[in-house]
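Let's take a walk through this model, going from a helix pair to a pocket and then to a single side chain.

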Amino acid sequence: MHRHTRSRTRPPVFTARSGHDLLGIYLNDHLAGATAGTERSRHLATACRGTEIGDAMAPLAAGIAEDRRSLVGIMRRLEVPVRRYKVYAGLLGERAGRLKSNGALVRRSPLSSLLELELLRIGVQGKACAWEVLRGLADRDARLDPQHLDDLRERARRQLRVLEGLHELQAGQTFSHG
């Protein structure tokens, strides 16, 4: 007869990380996303030049690039080092995303613009979340400017409204020819 003895359970062992280390990982992940979003928005603005979407995307792409620069400035003020490998991963991921097949080999498919707008919406929503997190930290960290973060958060909301309108427009154009 086997006697089952209770083994003593140990709590899991975690590598201790300070809040600053975790914030550095978090901000570098957002920087990778911001890098991909900057490139994707510029690509979409160029690919759709001369159309309603291209005309709206040009200033939006400039704003997304400015937000990326703001993030780098915030990281600098918080003494969070930029992890170049994450920035390059963001660039590589964005470029790899252009290789997907969307039903057209020679010319750009309207589905490409629709999917790119969806990716940008997801990215801007994520960026808004990051600004909210940083805004919450601004109450405890004097290196963060609450007004600047409020402005960034509001700009993200405006960008989302523009992207939602463009998405609706592109969806109508993409699927209107049944």
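A quick word on terms: helices here are DSSP runs of H or I at least four residues long, numbered from the N terminus. Keep in mind, too, that this is a predicted model.

Start with α1 and α4. Two packed helices are described by the angle between their axes and the distance between the axes. For this pair, the axes come within 10 Å and cross at roughly 145 degrees, and the crossing is left-handed. On the α1 side the contact includes Leu23, Tyr26, Leu27 and His30, while α4 brings residues including Leu117, Leu120, Cys129 and Val133. By class, the residues of this contact split into 12 nonpolar, 6 polar and 3 charged.

Now for the largest pocket, which holds about 390 Å³ of space. It has 21 lining residues, and Gly33, Ala34, Gly37, Gly123 and Val124 are the closest to its centre. Which helix gives the most to that lining? That would be α4, with 9 residues. Still, α1 (19–47), α2, α3 (84–97) and α4 (110–138) each supply at least two. The lining as a whole has 10 nonpolar, 6 polar and 5 charged residues.

Last stop: Ser70, which sits in helix α2, residues 52–77. Is Ser70 buried or exposed? Its relative accessibility is 13%, so Ser70 counts as buried, the cut-off being under 20%. Setting aside neighbours within four places in sequence, Ser70 is in contact with His148, Leu152 and Arg155.

Key:
Residues numbered from 1 in each chain as written. Predicted model: local features only at pLDDT ≥ 70, side-chain atom pairs only at ≥ 80, totals over all residues. Heavy atoms only, no water. Buried < 20%, exposed > 50% of the residue type's maximum accessible area, 1.4 Å probe, protein only. Contact = heavy atoms within 4.5 Å. 1 Å grid on protein atoms, 1.4 Å probe; cavity = no way out; pocket = protein on both sides within 12 Å on 5 of 7 lines; lining within 4 Å. Points joined across faces, edges and corners; volume = space filled by probe spheres on them. Nonpolar A, V, L, I, M, F, W, Y, C, P; charged D, E, K, R; others polar. Axes fitted to C-alpha atoms, helices over the stretch in contact; angles between N-to-C directions. Left-handed = near helix turned anticlockwise from the far one by under 90°.
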